[in-house]
Amino acid sequence: MGANADIVVAGAGHNSLITACYLAKAGYRCLVLDARHIPGGGAATEELCLPGFGIDTCATGHTMIRVNPVLLHDELGLIADYGLSYVEPDPVEQVAFPDGEQLTMWLDSERTIEEVARFSSADAAAYRRLLDEYDEVKHIFSRNQFTPVGFGPSLEQMLGEHPRGKIWARRRQLSAVEVVRHEFTDRHVQAFLLWMAFQVFQPCDVPGSGILPYQQTFGRQQRSWSIPVGGSGRLTAALTGYLEDHGSTIVCDRRVTRLLLEDGRCVGVETDDGEQYRAGVAVVSTIHAKHLRDMAPAESWPEEFHYGIDTYDVGVPGFATYYCTTAAPEFASAHGPRTAVSAGMAGWPEDVIDMNAHLRAGRFLADPAWVLVATPTLVDPGRAPAGQHTVKILTPQVHRLPESMGDWDCVKEEHARHLLETLRRHAPNLTDEVILGHLTKSPADIEKLNPHMINGAFHGGNRGPAFSGPLRPAPGWASHRMPIPGLYQTGGSTHPGGSITGAPGRNAAIVMLTDLGHDVAQSMSGPALPAGQPSVTTAH
Ligand SMILES: Cc1cc2nc3c(=O)[nH]c(=O)nc-3n(C[C@H](O)[C@H](O)[C@H](O)COP(=O)(O)OP(=O)(O)OC[C@H]3O[C@@H](n4cnc5c(N)ncnc54)[C@H](O)[C@@H]3O)c2cc1C
């Protein structure tokens, strides 16, 4: 039976689309299959609530992908040729604390430092130090992120060669709470930095989270909470546009249920309608590693792989409510009403520790110590009718409710209402009169939408020491090559993790192009080859 394509791609999240684009650039014909009716996974913009309101179903902020060479050097022409563009909102953040105080982060770091000085002059100096110190090592952390495991020196090696590497060796293994309490004195400033650290839903009180206050704060201070003009779906549209122009195909409404194996090699996939799609060269998956494992007989995978996947921690689930409104939330700051694309409510450090303990114990969070309020229409008005807004309220939450509460469908609207009322203490103008419509998604709804988001956890899972670098997703299989020959894995469960970074996608492309015998640097940054004519065609 002939192949349907050179490469079959199972799942069309932004990572696997990026992998497919680089393969298409090298001349391979890709066939991408996705379970949803649209591609993009967490990079989607849809009219979820009311016509004319383009809501980011999942991700809104794209700060991290902007330093990926795919955009930094525009290796695929997504910016030059496919209309992708970004806005850097200012202010960057508006964060309210339990006592009613608020802190504004501005793109101008001096202005942010002045704001921090309102709370503590020692902390203003510490904030400057945080930015300066991370600036000295950012190239190391960035190289680690955008290099596949085993394709360059380890993070430990690179830090070992840096003059201040010993400080970072300890700092990155501490918890964010320890790091923040060591550097900062005022409770508001500590709460702000822990709110920043929690952006990718990693517990802040466990070893290995110490780097997050640095990485997240530094990135935002450079490029704000960058948002794509038109919504997250614009990133997907640019990637699918590139694929279609380079001889590849995307087919939606196709849930992959089985891997096709011949002589121990993966030669394609089967979908829920019984169709089979065969690959001439390789299969690449962004199906969650736990689901992928179940798509081939158990004996196809070694015992160590089973152990690594069984013990993989899928991470912290989330709860989201989307509003269509006639006004943006106005935060009652010390300087008067203030709006921000990225805003929120931060608990005190002890509340954050408590929240993470509750999450670990699986206890429902009635009042999460971390709330994000996203209003992208403040700087990208085209996403809604004139003068109107989309507002998303996002919090961490547990997946499973205690029996006494019933299921999520009984609880979610009441809980969403409670979060809205809590927010009104800081943004009193967000009254019922300004709300035109809303939609609530519990962790169960999020998982139903996208099986890659197991338990409704959507940042790719725990990135702590047991699940990082050579141990992600399973020790021994961190370089995107799966134990079954011909099968590769990308997406948030692979190095360096989830969120909109594109790093797992580009890294998987580096590995595949290497295995296929290409000069990787030339293939990725040079001109595209005609579809169906890869310069090297060896199937290994
Ligand atoms: C409410 C919410 C808000 C978020 N906000 C942000 C944010 O502001 N910034 C940020 O960086 N991140 C954010 N995230 C997280 C971000 O969306 C994800 O981490 C990111 O999308 C992961 O990308 P991915 O390419 O690894 O996989 P995904 O985007 O999860 O894509 C996986 C794809 O595979 C498909 N799939 C899964 N199983 C199958 C199967 N069996 N067969 C066929 N197809 C399959 C899915 O349909 C999906 O299209 C948010 C997520 C949510 C839910």
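Does cysteine 21 count as buried or exposed, and at what relative accessibility? At 0% relative accessibility, cysteine 21 counts as buried. Here, buried means under 20% relative accessible area, exposed means over 50%, and partly exposed is in between (1.4 Å probe, protein chains only).

## Before we start

This is a predicted model, in which local features need pLDDT of at least 70, side-chain atom pairs count only at pLDDT 80 or more, and totals for chains, interfaces and linings use all residues. Residues are numbered from 1 along each chain as its sequence is written, and side-chain values use heavy atoms, with hydrogens and water left out.

## Helix α1

Let us begin with the helix α1. Helices (H or I, at least four residues) and strands (E, at least two) are DSSP runs, numbered from the N terminus. Helix α1 covers residues 14-25, which makes twelve residues. From its first C-alpha to its last, α1 reaches 16 Å, close to the 16 Å expected at 1.5 Å a residue. That expected span is 1.5 Å times one less than the number of residues in the helix.

How many of the residues of α1 are buried? Twelve of the twelve are, so α1 is largely enclosed by the rest of the structure. Among them are His14, Leu17, Cys21, Tyr22 and Lys25. After α1 comes glycine 27, whose phi is positive, near 105°.

## Cysteines without partners

A disulfide is a pair of cysteine sulfur atoms within 2.5 Å. By this rule, the count comes to zero disulfides. For cysteine 21, the closest cysteine sulfur belongs to cysteine 30 and is 8.2 Å away, too far for a bond.

Cysteine 324 is in no disulfide either. The nearest cysteine sulfur to that of cysteine 324 is in cysteine 49, 3.9 Å away. Cysteine 324 is buried, with a relative accessible area of 0%.

## Around the ligand

Now for the ligand. A residue is near a molecule or strand if one of its heavy atoms lies within 4 Å of it. There are 37 residues around the ligand, and Asp34, Gly42, His452, Phe458 and Ser499 come nearest. By class, this shell has 15 nonpolar, 18 polar and four charged residues. In this scheme Ala, Val, Leu, Ile, Met, Phe, Trp, Tyr, Cys and Pro count as nonpolar, Asp, Glu, Lys and Arg as charged, and the others, Gly among them, as polar.

Some atom pairs can be looked at one by one. A polar contact is a pair of N or O atoms within 3.5 Å; within protein, one must be able to donate a hydrogen and the other to accept it, and residues adjacent in sequence count only if both atoms are side-chain atoms. One oxygen atom of the ligand is 3.0 Å from a polar backbone atom of threonine 60. A nitrogen atom of the ligand lies 2.9 Å from a backbone N or O atom of glycine 61. The side chain of histidine 452 has an N or O atom 2.7 Å from an oxygen atom of the ligand. Taken alone, the ligand exposes 1000 Å², and the protein buries 97% of that. Accessible areas come from the Shrake-Rupley method with a 1.4 Å probe; for residues, only the protein chains shown count as cover.

## A closer look at threonine 60

Where is threonine 60 found? Threonine 60 is in the loop between β4 (55-56) and α2 (69-72). At 4% relative accessibility, threonine 60 counts as buried. Its side chain makes a polar contact with the side chain of aspartate 56 (3.0 Å), and another with the side chain of lysine 392 (2.9 Å).

## Backbone details

Two cis peptide bonds can be described here. One joins aspartate 90 and proline 91, with omega about 5°. Proline 91 is in the loop between β5 (86-87) and β6 (93-96). The peptide bond from histidine 495 to proline 496 is also cis, with omega near 0°, and proline 496 has its place in the loop between β20 (487-489) and α16 (503-515).

Serine 499 is also in the loop between β20 and α16. Its phi is near 80°, a positive value in a residue other than glycine, and at 11% relative accessibility serine 499 counts as buried. Histidine 480, in the loop between α15 (443-449) and β20, has a positive phi too, near 70°. At 1% relative accessibility, histidine 480 counts as buried.
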